[in-house]
Amino acid sequence: MLTGATLEQLRSDIKYKALYRCELCHRWTLHGHCHHIKSRGAGGDDTYENMVYLCVGCHTDAHNGKISKHELMVLRSPEQSGTGTKD
Ligand SMILES: [Zn+2]
Ligand SMILES: [Zn+2]
């Protein structure tokens, strides 16, 4: 598990890769949050694969259960996005 500066670095990485847009609604925001797809309480890791950049609205919805975990997971699973090439 990452702590302190390393986690901050990962968060800014995720934000940068998302181009400061919410990965769900694509709204541009500098004040979004990095949300764990699988929560740390459920054994999720602090990794790029397990975290998505969400605007405040989507982040709230994700925690309220209005956005399913599946919707978040497809953002990070290449086999479900169709196009094969990545980096
Ligand atoms: Zn959003
Ligand atoms: Zn969250």
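How many residues does helix α1 have, and how far does it reach from its first C-alpha to its last? The legends below start there.

**View 1. Helix α1, out in the open.** This is a predicted model, in which local features need pLDDT of at least 70 and side-chain atom pairs count only at pLDDT 80 or more, while totals for chains, interfaces and linings use all residues. Residues are numbered from 1 along each chain as its sequence is written, with chains lettered from A and ligands numbered from 1 in the order in which they are written. Helix α1 covers residues 4-17, so to speak a 14-residue stretch, and spans 20 Å between its end C-alphas, close to the 20 Å expected at 1.5 Å a residue (the expected span is 1.5 Å times one less than the number of residues). The number of its residues that are buried is zero, so α1 lies largely in the open. Buried here means 20 or more other C-beta atoms within 10 Å of the residue's own, exposed means 12 or fewer, and partly exposed is in between, with C-beta atoms placed from the backbone.

**View 2. The loop between α1 and β1, with Y20 and H26.** Y20 isn't a glycine, yet its phi is positive, about 60 degrees.

**View 3. The largest nonpolar core.** Twelve residues make it up, including C22, L24, M51, Y53 and L72. A nonpolar core is a set of buried Ala, Val, Leu, Ile, Met, Phe, Trp, Tyr and Cys residues joined through C-beta atoms within 7 Å.

**View 4. Around A62.** Skip the neighbours within four places in sequence, and A62 is in contact with H35, L54, I67 and L72. Contact means C-beta atoms, placed from the backbone, within 7 Å.

View 5. The elements run α-β-β-α-α-α from the N terminus; helices (H or I, at least four residues) and strands (E, at least two) are DSSP runs, numbered from the N terminus. Mean pLDDT, the predictor's confidence in each residue from 0 to 100, is 90 for the chain. Confidence is highest in β2, at 98, and lowest in α4 (residues 78-81), at a mean of 59.

How values were computed: Two residues are in contact if their C-beta atoms, placed from the backbone, lie within 7 Å.
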